[in-house]
Amino acid sequence: MKSVYLKDIINWYTNNFESKLTGLRILFDDIEPLINDLPSEFKTKILGKSENGIPIYKISIGKGEKRALIWSQMHGNESTGTKALFDLFRFFNDSEEAPEIKEQILANCTLIFIPILNPDGAITYTRENANDIDLNRDAVDLKAVESKLLRNVLDEFKPDFCFNLHDQRTIFNVEGTKNPATLSFLAPSIDVERTLTQSRKETMSVIVSMNSVLQEIIPNQVGRYTDEFYPTATGDNFQKLGYNTILVEAGHFTGDYEREETRKYNFIALLQGLNFIAKSNDYNKYKPYFDIPNNNSNFFDIIYKNALYTVDGKETLTNLGILFKYKVVDNKLIRYESVEKIGDLNDFYGHLEIDFNNKHYN
């Protein structure tokens with residue numbers, strides 16, 4: 001049976017859903033009016049501008065000693081975290097909603113948010129910024145102006161915890177199941193040996209707390225992202241510098257290609273994580289982190305079975321693994337099908353599986 005707290009936290013999301021942000025493509029123009037409407041409890045400041053001159057905001061709230069830095073859309077086409085942040089802002093602004101939880105978080109924590117770190121990539125719906133730089137692989141070279149802005153905030157604010165909000169592709173399932181990895185977490189490594197430092201233990205403890213709540217709502221739909229060390233990655237480098245960094249990967253929920261259901265679980269995870277940080281000084285309960293199953297990549301968006309398809313100039317009866325891809329046309333996001341694998345797909349699952357009945361796939 002779901003706990004009272006769990007029932008409450010679901011209601012807190014429902015009551016504070018930011019209806020002005022929906023869909024996959026979230027732009028600076030979508031969030032600017034919402035930032036301007038934030039009450040005085042929120043302190044807003046333009047950190048700087050993107051490579052193409054779009055403002056990048058820092059939003060602060062709280063007055064406590066514990067410091068958390070949260071950013072979204074360092075990959076421009078990964079917007080679920082941005083939507084969840086503005087749901088969270090509405091929650092903090094609701095005078096009647098869970099006053100004891102908000103008071104605990106805002107009295108004990110100072111929070112800084114950077115929504116849409118990569119506004120140029122949001123427009124083109126790409127991972128990279130305007131200069132084709134992946135900000136999540138620019139933590140060492142700091143070639144991008146956006147990377148420098150984030151690093152400046154890190155150095156000045158010196159957070160106890162960072163939340164790096166991403167979206168992961170629909171290919172991921174929870175290891176050993178046919179369940180999509182609706183959310184996945186990672187406590188990044190600081191070296192190739194994946195050394196279990198105190199910083200990683202503290203990061204894992206927060207993830208354990210978030211996962212414990214999610215398991216009550218979406219059991220067996222939470223995965224663990226690979227902790228392979230990436231020398232140029234943001235999370236790995238921030239963790240290496242001593243700033244506990246939690247990678248949150250928002251993934252697929254059955255039928256939810258707009259990530260509107262997933263944003264709810266993103267909100268719940270963030271609120272639970274912040275509440276845990278606010279009330280806890282015990283970060284030694286990290287071992288259940290290793291019980292979270294790994295991500296596997298066994299999904300296609302569609303599997304077409306028994307389809308006629310031209311292979312090497314010859315029409316062949318086969319199976320097709322399809323992934324949805326996206327492009328911006330006339331300032332609209334267009335989804336299209338891409339054939340990614342042909343042949344034996346017995347080791348894969350389809351979010352949708354269709355018998356093509358020997359018809360030709362164009």
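Residues are termed buried under 20% relative accessible area, exposed over 50%, and partly exposed in between (1.4 Å probe, protein chains only). By this criterion, 56% of the 362 residues of the chain count as buried. The structure is a predicted model, in which local features need pLDDT of at least 70 and side-chain atom pairs count only at pLDDT 80 or more, whereas totals for chains, interfaces and linings use all residues. Residues are numbered from 1 along each chain as its sequence is written, and side-chain values use heavy atoms, with hydrogens and water left out.

The chain contains nine helices and 14 strands, assigned as DSSP runs (helices, H or I, at least four residues; strands, E, at least two) and numbered from the N terminus. Its radius of gyration is 21 Å, close to the 21 Å that the globule rule gives for 362 residues, so the chain is as compact as a globular protein of that length. The radius is taken over C-alpha atoms, and the rule is 2.2 Å times the number of residues to the power 0.38. The C-alpha trace spans about 65 × 50 × 45 Å along its principal axes. Of the contacts (heavy atoms within 4.5 Å) with a separation of 6 or more, 76% are between residues 24 or more positions apart.

Salt bridges, defined by a side-chain nitrogen of Lys or Arg within 4 Å of a carboxyl oxygen of Asp or Glu, number 14.

One of these joins Glu18 and Arg90, with the closest N and O atoms 3.6 Å apart. This pair links distant parts of the chain, since Glu18 lies in the loop between α1 (4-15) and α2 (28-36) and Arg90 in helix α3 (residues 80-93), 72 residues apart. Glu18 is buried at 6% relative accessibility, whereas Arg90 is partly exposed at 36%.

A salt bridge also forms between Asp160 and Arg67, at 3.9 Å between the closest N and O atoms. Asp160 is located in the loop between α6 (145-157) and β5 (161-167), and Arg67 in strand β3 (residues 66-72), 93 residues apart. Asp160 is partly exposed at 29%, as is Arg67 at 28%.

Arg127 and Asp134 meet at 3.1 Å, N to O.
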